Amino acid sequence: MTDLIALLILVLILGLAVAYIVKAKRRGVKCIGCPAGGSCPSAKKMKRKKLDGPVIGKKILKISGMHCDHCVMNVTMMLNRIDGVSADVNLSAARAVVSYDRDISDEVLKDAVEKIGYQVISIT
């Protein structure tokens, strides 16, 4: 009997989840898990941060966990907070190209991205 109740609860939860997804897709939401509700109001192309000095190098961060333009904006803003760093984040490539005008350790870049809930797969 308890197995039947547990099964009914799971079916109910699954049914509600499917109904939520269908309703969201009918409204035109692109990214269902987006914290902005899928509309990503600030998803416009962000201005590239200007560095104080000449670019001395670039690093490419492979990032997982980005699902929408809102995620891109969050990662870009977090990386651009680091002094001497200018980031260009690409959702479809799941990567960030980071230009820098001073030595920046990989650990600083990785910590900034992972602090906001995304995972850095590699840095090259």
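Modeller: A residue counts as buried when its relative accessible area is under 20%, as exposed when that area is over 50%, and as partly exposed in between. The structure we are discussing is a predicted model.

Colleague: Why is C68 called buried?

Modeller: The relative accessibility of C68 is 4%, and since buried means under 20%, C68 counts as buried.

Colleague: What makes C71 buried?

Modeller: C71 has a relative accessible area of 5%, and because the cut-off for buried is under 20%, C71 is placed in that class as well.

Colleague: How do you know that the sulfur of C71 is too far for a bond with the closest cysteine sulfur?

Modeller: The closest cysteine sulfur to that of C71 belongs to C68, at 3.7 Å, whereas a disulfide needs a pair of cysteine sulfur atoms within 2.5 Å, so the separation is too far for a bond. A search of the whole structure likewise finds zero disulfides.

Colleague: Why is V72 described as buried?

Modeller: V72, which lies in helix α2, has a relative accessible area of 13%, and because buried means under 20%, V72 is called buried. Once its neighbours within four places in sequence are left aside, V72 is in contact with M66, V89 and L91. Its C-alpha atom is also 9.5 Å from that of R95, a residue 23 positions away in sequence.

Colleague: What makes M77 partly exposed?

Modeller: M77 is likewise a residue of helix α2, which covers residues 69-80, and its relative accessibility is 35%. Between the C-alpha atoms of M77 and A112, which are 35 residues apart along the chain, the separation is 9.9 Å.

Colleague: Which residues make the contact between α2 and α3?

Modeller: From α2 the contact draws on V75, M78 and L79, and from α3 on L109, A112, V113 and K115. Sorted by kind, the residues of this contact of α2 with α3 are six nonpolar, no polar and one charged.

Definitions and conventions:
Residues are numbered from 1 along each chain as its sequence is written. This is a predicted model: local features need pLDDT of at least 70, side-chain atom pairs count only at pLDDT 80 or more; totals for chains, interfaces and linings use all residues. Side-chain values use heavy atoms; hydrogens and water are left out. Buried means under 20% relative accessible area, exposed over 50%, partly exposed in between (1.4 Å probe, protein chains only). Helices (H or I, at least four residues) and strands (E, at least two) are DSSP runs, numbered from the N terminus. Contact means heavy atoms within 4.5 Å. Ala, Val, Leu, Ile, Met, Phe, Trp, Tyr, Cys and Pro count as nonpolar, Asp, Glu, Lys and Arg as charged, and the others, Gly among them, as polar.
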